[in-house]
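Hi there,

Here is the structure I promised to pass on. Have a look at it first, and my notes follow below.

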Amino acid sequence: MSASVEDIELHLNQAETQVERINALNALAYAVNRSDPKRALMLAEQAQQLSKEGDFVENPYKKGLAESMRTLGMLKMYEGEYDQAMLACSVALDLAEDAGLQEVKPSAYNTIATVYRQLGDLSTSLEYFVKQQLASEQLGDRLDAAKATVGIGVIYFDMEDYAKFLDSSEQSLAIFRELEEKYWISLALNNTSFALFKLGRQSEALQRGQEGLEISRAMNDPRGLRRILTTLGEIHLDLGEAQKALEYFTDALAQVQIAEEPDLANDALMLVGQAYIRLGQPDLARQQLLDALKHASRYKLRRNMYDCHRLLSETYKESGNYSEALKHYELYHSIKESVFSEENAQKLQNLEVLHRTQKALQDAEYFSKQYEKSRQFNEQLESEVQKRTEDLRAAYEQLERLDRTKSNFISVTAHELRTPLTVMKGYAQMLSTDPILSENQKYKELTSGIIKGSDRLDEIIQTMLLMAKIDGKALEVFPEPQDISDLIFGIASGLGVALRGREQRLVIDESLRKLPAIQVDRTAIAIVFTKLIENAIKYTPDGGVITISGSAWQPAPAVDLPDNSIEIVVSDTGIGIDPEDCELILTKFYQTGDALRHSSGKVKFKGGGPGLGLAIARGIVEAHQGKLWAESKGHDEKNYPGSQFHVVLPVKQS
Ligand code: ADP
């Protein structure tokens with residue numbers, strides 16, 4: 001044993017990877033769990049910690065965790081912390097199952113079996129020893145399977161089913177003999193001997209006991225020796241050979257390290273006392289028993305205490321000292337009673353703990369099922385969302401295709417209309433300059449009507465072509481330096497007739513004059529401001545005021561515009577726009593209100609156009625790296641809140 005511990009320690013020191021380290025820690029913890037439980041606990045906890053740190057899903061770490069939990073379970077069981085022992089073993093078994101790690105199972109089953117035995121649930125304990133046996137057999141570990149059989153035998157012993165105890169002991173003995181496991185052979189011999197003795201087969205019992213004794217002596221194993229000496233002593237005592245029994249018990253006592261194994265020492269002391277009683281030497285017996293009693297109370301061995309009192313009472317009775325005999329007899333009863341009630345209370349508490357542990361395990365199972373359900377639900381949801389996103393994307397692509405088709409249609413139509421229109425315009429010009437026709441007032445008016453109509457048509461076609469260019473991102477601008485106030489003054493003077501017709505006032509603020517010259521495509525920007533001022537006239541009642549002001553652009557954090565820009569605002573005192581429409585009116589073909597109100601009049605109050613003007617204006621401004629947007633408090637045809645159209649243009653074009 002010690003050699004293998006050293007080997008593992010060497011492995012631990014030489015471990016290069018985390019997994020090697022965990023394996024060595026676990027192996028060491030397992031190896032020293034009996035001889036040095038404190039160290040084992042520390043090692044197993046360390047292994048547990050490292051395994052948790054590792055990627056839990058990886059098998060080597062799972063294995064590490066399973067092994068450390070198994071060992072921790074075992075150590076908790078030694079400490080009497082049954083709930084923790086059960087939990088740790090259940091986790092270990094679960095992980096072992098998951099990681100396909102069979103080696104951990106037998107010892108975990110063994111711990112669980114032992115816990116149930118401690119709690120007095122012998123049938124469940126038996127069940128787990130059987131599980132240990134099967135698991136070991138599956139692993140081909142015959143030694144461990146035979147050890148499980150020893151456990152099974154012990155449970156039958158507890159159940160006082162000595163025939164089955166004998167069967168199990170014989171079975172395990174045969175395997176230990178085959179494997180030449182001396183320590184275990186002597187243990188199994190002791191058990192068969194004890195079973196035979198209980199079944200009244202004393203000579204066979206003695207024979208087995210003797211054989212065990214020889215092996216233990218040859219092995220120089222004090223534990224085995226003590227065990228077999230006690231059994232032999234008991235058989236001889238039963239056979240009435242008290243002197244022989246005394247020899248065995250005394251011998252057993254000599255094998256005990258009193259300080260290290262106080263319970264065993266006490267058992268031996270009591271058995272010696274018992275032998276003296278049988279030998280009819282109550283005084284000697286009393287001496288031993290008083291020693292045993294002192295020893296038992298020092299180490300708080302309560303069961304031994306009341307047994308000592310019982311035996312002492314016997315010795316006093318033997319000597320005729322009835323009052324002492326009575327006193328010890330009473331003590332025997334009162335201590336026994338209190339021990340039993342304490343033990344029962346403890347058992348009850350343990351059962352409660354066990355119940356809670358099982359409940360916790362059931363809860364864990366329930367939650368893991370719930371978790372699985374919600375995981376599946378999430379997966380389903382995710383695929384649903386994915387499908388919807390896919391549908392949306394397809395729909396959006398379809399819309400985009402339709403929009404492109406429409407733009408192409410407009411562009412082609414506009415081009416096709418242009419040629420015949422140019423012809424028409426040419427002939428109309430010719431008619432208007434014809435000297436014969438110019439003299440006739442009626443023909444003159446008709447010709448001028450044709451010219452006006454074809455000019456308007458030309459304008460509409462131009463607008464459509466411009467929109468198609470903006471849509472196709474094909475609008476080219478040719479910037480040159482321009483004083484923006486000059487440009488606006490020029491446009492304003494061209495709209496004088498319309499303004500007068502609607503009795504409106506156009507105020508061009510002084511601030512416009514202070515603006516620096518900027519680089520713009522003159523023709524294009526003229527279209528922008530013409531459209532904005534025409535709209536202002538159109539959506540403002542008669543007598544209203546239109547104001548145009550300018551300033552240096554104040555950079556704002558969320559607005560992506562060159563710092564060196566100017567801002568021009570066209571405000572009116574008209575019907576205003578719903579804030580939620582402010583963005584929409586800038587898209588093509590969008591008109592608020594009734595589309596049937598469509599009128600080709602440019603400046604008639606509320607006379608709607610084709611819904612392209614603002615989209616074109618924005619397209620032109622953006623082609624200059626600028627921005628155009630609308631602001632208004634709302635649409636109100638009684639109070640006229642007015643609208644403001646902002647145009648920001650960079651001073652220089654990159
Ligand atoms: P339209 O050719 O119909 O005038 P626009 O693109 O120029 O198309 O304008 C779109 C819509 O924006 C108009 O139908 C109108 O409802 C609204 N609108 C434009 N300018 C103003 C303004 N100054 N005041 C109120 N509403 C306006």
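Gly80, which comes after helix H4, has a positive phi, near 80°. Please keep in mind that this is a predicted model. H4 itself runs over residues 59-78, and its 20 residues reach 29 Å from the first C-alpha to the last, close to the 28 Å expected. Most of the helix is covered, with 16 of the 20 residues buried.

Then to the charged pairs. The count of salt bridges comes to 34, and here are some of them.

Lys76 and Glu81 join their side chains in a salt bridge, at 3.8 Å from N to O. Lys76 has 14% relative accessibility and so counts as buried, while Glu81, at 28%, is partly exposed.

Arg177 pairs with Glu211, and their closest N and O atoms are 2.6 Å apart. Arg177 is partly exposed at 34% relative accessible area, and Glu211 is partly exposed at 28%.

H11 also holds Arg217, whose partner Asp251 lies in helix H13 (residues 242-255), 34 residues apart from it in the chain. The closest N and O atoms of Arg217 and Asp251 are 3.7 Å apart. Arg217 counts as partly exposed with 44% relative accessibility, and Asp251 does too, with 26%.

Lastly, a network of salt bridges links Asp307, Arg310 and Glu314.

Best wishes

Conventions. Residues numbered from 1 in each chain as written. Predicted model: local features only at pLDDT ≥ 70, side-chain atom pairs only at ≥ 80, totals over all residues. Heavy atoms only, no water. Helix = DSSP H or I, 4+ residues; strand = E, 2+ residues; numbered from the N terminus. Expected span 1.5 Å × (residues − 1). Buried < 20%, exposed > 50% of the residue type's maximum accessible area, 1.4 Å probe, protein only. Salt bridge = Lys/Arg side-chain N within 4 Å of Asp/Glu carboxyl O.
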